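Here is a short tour for anyone who likes to check side-chain geometry and pocket grids by eye.

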Amino acid sequence: MKTRITELFGIEHPIIQGGMHHVGYAELASAVSNAGGLGVITGLTQKTPKLLAREIARCREMTDKPFGVNLTFLPAVNPPDYPGYVKAIVEGGVKIVETAGNNPQKWLPALKEAGIKVIHKCTSVRHALKAEAIGCDAISVDGFECGGHPGEDDIPNFILLPRAAEELKIPFVASGGMADGRSLVAALALGADGVNMGTRFIATREAPVHDNVKQAIVAASELDTRLIMRPLRNTERVLTNAATERVLQKERQLGAAVTFADIAPEVAGVYPRIMQQGDMEAGVWSCGMVAGLIRDVPTVQQLIDSIMSQAEALIRERLAGMLR
């Protein structure tokens with residue numbers, strides 16, 4: 001399948017593995033790239049630029065295909081060493097960066113000078129247009145269905161993707177609610193050039209997370225996610241569990257007076273215990289509504305092969321067969 005995204009990134013299939021905290025390690029990124037997609041290492045999961053450089057080198061040993069690094073720019077009292085991370089990416093020879101969070105404009109000159117293509121994650125058309133204007137090469141359009149941070153507009157992909165297609169000149173992929181060949185064909189029909197998958201890639205054999213996490217996704221339905229931190233305007237979609245319910249209870253009780261400190265026990269620093277140790281009640285963790293479409297834990301190769309064969313069958317048989 002040839003799209004603007006496969007051409008831009010030099011990949012076989014228009015499928016990107018999004019950056020995910022404590023999930024996007026070399027094991028998963030290399031598996032996705034080896035299967036013909038675009039694997040992505042999560043930059044800030046590596047605590048220092050030196051560790052990121054080591055992870056990039058590790059990934060390079062596992063694949064000779066293109067892979068990217070996610071770099072999320074977050075407001076912080078003590079911000080990460082972003083210049084150091086950018087240096088590690090450039091010196092590591094990475095040619096694709098997925099940016100997210102704040103406007104990446106400040107970092108684009110250094111990335112561009114190194115010949116790096118930048119795909120920026122956006123939850124609205126206005127932000128996507130801004131990213132296009134500052135020189136990003138592609139956009140990952142994140143619909144309301146997505147796990148993690150869907151923004152504050154609550155626009156699902158059935159509306160957001162056609163709107164993006166109307167406005168953008170650069171390529172974009174659909175993120176949020178993507179799981180299979182049906183998702184890919186629908187995204188292409190709505191104007192996208194491929195898909196970005198997060199939750200679906202957690203439930204694969206190569207994802208370096210505890211099996212409890214994978215089984216929780218398989219067991220979940222489309223009704224099992226909740227939105228937290230809405231009062232803080234930092235909305236996050238997470239899988240429901242006891243910690244999630246405690247956060248929602250605090251938000252109801254405290255109303256507009258709620259602060260991050262009130263929910264920090266359930267939210268801050270919990271990912272290692274969940275993802276690596278499999279303590280499913282340690283806190284909240286990002287998960288998309290797409291969990292309702294995930295029923296197995298295949299290898300990455302099996303997953304991508306099945307997506308592409310299902311997509312081809314849908315296009316060649318079902319859709320073509322409807323034309324008179």
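## Pairs along helix H7

Arg163 and Glu166 sit three residues apart in helix H7, about one turn of the helix; helices (H or I, at least four residues) and strands (E, at least two) are DSSP runs, numbered from the N terminus. The model is a predicted one, in which local features need pLDDT of at least 70, side-chain atom pairs count only at pLDDT 80 or more, and totals for chains, interfaces and linings use all residues. Residues are numbered from 1 along each chain as its sequence is written, and side-chain values use heavy atoms, with hydrogens and water left out.

The side chains of Arg163 and Glu166 form a salt bridge of 2.9 Å, N to O, the term meaning a side-chain nitrogen of Lys or Arg within 4 Å of a carboxyl oxygen of Asp or Glu. Arg163 also has a salt bridge with Glu167, where the closest N and O atoms are 3.1 Å apart. Glu167 and Arg163 are four residues apart in H7, again about one turn of the helix. How accessible are these residues, where buried means under 20% relative accessible area, exposed over 50% and partly exposed in between (1.4 Å probe, protein chains only)? Arg163 is partly exposed at 32% relative accessibility, Glu167 is partly exposed at 32%, and Glu166 is exposed at 59%.

## A link between H2 and H3

The structure holds 18 salt bridges. One of them joins the side chains of Glu27 and Arg58 at 3.0 Å, N to O. This pair links distant parts of the chain, with Glu27 in helix H2 (residues 26–34) and Arg58 in helix H3 (residues 49–62), 31 residues apart. Both partners are worth a look in a surface view: Glu27 is partly exposed, with a relative accessible area of 30%, and Arg58 is partly exposed at 26%.

Glu27 and Arg58 also belong to a network of salt bridges that includes Glu55.

## Helix H8 and its cover

Which residues of helix H8 (residues 181–189) are buried? They are Gly181, Ser183, Leu184, Val185 and Ala187. Their cover, counted by contact (heavy atoms within 4.5 Å), includes helix H7 (157–167), strand E7 (172–175), strand E8 (195–197) and helix H14 (300–322). Just after H8, Gly191 takes a positive phi of about 115°.

## The second largest pocket

On a 1 Å grid over the protein atoms alone, a pocket is an open set of points where a 1.4 Å probe fits, with protein on both sides within 12 Å along at least five of seven lines; lining residues have an atom within 4 Å of a point. The second largest pocket holds about 270 Å³ of space, a volume being the space filled by probe spheres set on grid points that are joined across faces, edges and corners.

This second largest pocket is lined by 17 residues, and Glu145, Gly176, Gly177, Met178 and Ser183 lie nearest its centre. H7 and H8 are the elements that give two or more residues to the lining, and H8 gives the most, with four residues. By class, the lining has nine nonpolar, five polar and three charged residues; Ala, Val, Leu, Ile, Met, Phe, Trp, Tyr, Cys and Pro count as nonpolar, Asp, Glu, Lys and Arg as charged, and the others, Gly among them, as polar.
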